[in-house]
Amino acid sequence: MSKFIVADRQTDYLLPPSVDDWLNQDHLARFIVEVIDQLDLSKLTREYAGRGSKAYHPATLLGILVYGYITGIFSSRRLEQATYDSIAFRFIAANLHPDHDSLATFRRRFLDELSDLFLQVLKMATEMKVLKVGNISLDGSKFEANASRHSALSHGHIEKLEVQLKAEVQELLALAEQADQADIPTGVSLPEELKRREDRLTAMAAAKAKLVARAEERYQREKAEYDEKMARRAAKEEATGKKPGGKPPKAPEPGPRDRDQINLTDEESRIMPVAGGGFEQAYNAQAAADAATMLIVATGVTQAPNDKEQVEPMLATLKAQAEVLGAVECLIADSGGYCSEKNIKACEAAGIEPLIAVGRDEHHPDWRERHSEPAPLPDNATPVQAMSHRLKTKDGRARYALRKQTIEPVFGIIKSVMGFRRFSLRGLKKVTGEWTLVCLAWNLKRLAVLRPQ
């Protein structure tokens with residue numbers, strides 16, 4: 001008698017006839033299907049004209065995409081293959097097999113509608129008594145663009161290449177006019193070589209025009225900031241009768257700089273410094289997470305490598321969602337670019353208490369500091385001083401400590417567990433939609449853990 005369980009591949013049914021019997025009742029794929037079936041997908045279904053062959057239902061395609069992002073499968077071709085190879089994907093697709101074109105088209109077509117679905121899931125979390133917005137942690141992280149940084153050209157390099165290519169064009173034209181072309185290497189086609197260089201010159205001229213437009217936008221922004229600083233110095237000098245100390249701000253210079261770069265694959269991405277050193281072609285993704293549940297309640301993507309200007313857009317998003325999710329009480333952020341008097345005033349104007357670090361904390365503070373309250377705040381304290389004082393109180397320290405256990409693990413799990421480190425789409429608008437899809441997948445993954453049993 002055999003000691004082993006024999007693998008019989010000739011059995012008529014290797015799986016139960018009903019897909020409902022294929023997974024455990026507490027499997028994540030079941031929860032994904034249950035939630036998506038409760039969402040209002042009417043905005044998506046109305047977009048289908050009803051002509052031609054029948055389309056896959058948006059609920060099916062959305063379920064495949066969301067579960068794919070949760071499990072680290074982002075390619076539409078790999079998602080199609082997963083509907084054959086994975087029991088969980090077979091369950092979500094009800095044993096159908098949408099082709100990769102259908103999945104890729106659906107993802108590109110309905111990026112704008114994802115923000116509504118994202119909010120619907122958050123509303124569902126509040127109705128389940130899981131989410132009650134209060135303390136919100138904000139942070140940003142760099143994710144690689146779907147473009148190589150080696151495809152980027154700087155304005156200075158473009159000008160050097162233009163000189164070189166124009167000289168080569170003239171040389172090729174001169175060779176073409178010669179009756180004796182014996183000096184031309186075998187296999188070289190002069191028309192093809194000319195066209196290749198003319199096409200590159202055309203592409204570089206377009207890239208230069210875009211760099212000039214960007215430089216003009218930057219100049220107008222920096223000029224406004226410069227004028228504001230000079231106006232403050234003039235007002236201070238008039239009030240005190242003394243010339244303000246320190247160097248006056250330097251006036252911005254118009255026009256593109258030699259180091260200004262544009263990427264020929266994804267021109268809206270930017271070269272950014274990344275953690276651990278070095279630079280990558282990337283976008284700066286922003287997320288605000290509820291401190292109690294780690295659910296992401298607001299998202300955004302920016303081309304700026306720092307986070308200085310990202311507080312006000314997040315405040316606008318949180319305000320727009322307040323009717324559905326409730327009002328935010330406190331915004332917690334680190335010192336990596338978020339701290340400024342402008343951002344603190346913006347939080348206070350929105351009725352939100354800011355807890356933004358003004359600098360890096362010491363790794364090993366004196367034990368007395370952790371068990372004592374700071375000296376009373378002076379009456380003439382600035383907004384930055386007032387917030388710094390709050391951060392030194394026991395309550396402020398306790399609430400600020402929530403950041404490390406809230407938003408940092410969110411980004412860490414998205415990158416290291418879900419495996420999302422690089423956008424699949426190109427262009428700021430499409431990347432913003434894909435980041436919403438990533439955060440929607442994270443929220444469903446997290447909600448499956450938090451749901452009442």
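**Close-up 1. Helices α8 and α9 cross at roughly 155° in this predicted model.** The two partners here are α8, covering residues 155-177, and α9, covering residues 190-240, and their axes come within 10 Å. Angles over 145 degrees count as roughly antiparallel, so α8 is roughly antiparallel to α9. As for handedness, α8 goes past α9 in a left-handed crossing. Sort the residues of this contact by class and you get 15 nonpolar, one polar and eight charged.

**Close-up 2. Helices α4 and α6 pack at an angle of about 125°.** Here α4 spans residues 76-85, while α6 runs over 100-109. Their axes sit 8 Å apart, and the angle makes α4 oblique to α6. This crossing is right-handed. On the α4 side, look for Ser76, Arg77, Leu79 and Glu80; on the α6 side, the contact residues are His100, Leu103, Ala104 and Arg107. By class, that comes to three nonpolar, two polar and three charged residues.

**Close-up 3. The largest nonpolar core has 90 residues.** Which residues have the most contacts inside this core? They are Val66, Ile414, Phe420 and Trp435. Helix α16, residues 428-450, gives the most to the core, with 11 residues. Zoom in on valine 66 and, once its neighbours within four places in sequence are set aside, you'll find it in contact with Ile32, Leu437, Leu440, Ala441 and Leu444. There is also a second, separate core of 14 residues, with Leu194, Leu201, Leu211 and Ile262 among them.

**Close-up 4. Alanine 94 has a positive phi, near 55°.** Most residues other than glycine have a negative phi. You'll find alanine 94 in the loop that links α5 (87-92) to α6 (100-109). Is this residue buried, partly exposed or exposed? Its relative accessibility is 46%, so alanine 94 counts as partly exposed.

**Close-up 5. Methionine 294 also has a positive phi, near 65°.** Methionine 294 lies in the loop between β5 (279-290) and β6 (296-302). Buried means under 20% relative accessible area, and methionine 294 counts as buried because its relative accessibility is 13%.

Technical notes
Residues are numbered from 1 along each chain as its sequence is written. This is a predicted model: local features need pLDDT of at least 70, side-chain atom pairs count only at pLDDT 80 or more; totals for chains, interfaces and linings use all residues. Side-chain values use heavy atoms; hydrogens and water are left out. Axes are lines fitted to C-alpha atoms, for helices over the stretch in contact, and angles run from 0 to 180 degrees between N-to-C directions. Helices (H or I, at least four residues) and strands (E, at least two) are DSSP runs, numbered from the N terminus. Angles under 35 degrees count as roughly parallel, over 145 as roughly antiparallel, 65 to 115 as roughly perpendicular and the rest as oblique. A crossing is left-handed if the near helix is turned anticlockwise from the far one by less than a right angle, and right-handed if clockwise. Ala, Val, Leu, Ile, Met, Phe, Trp, Tyr, Cys and Pro count as nonpolar, Asp, Glu, Lys and Arg as charged, and the others, Gly among them, as polar. Buried means under 20% relative accessible area, exposed over 50%, partly exposed in between (1.4 Å probe, protein chains only). A nonpolar core is a set of buried Ala, Val, Leu, Ile, Met, Phe, Trp, Tyr and Cys residues joined through side-chain atoms within 4.5 Å. Contact means heavy atoms within 4.5 Å.
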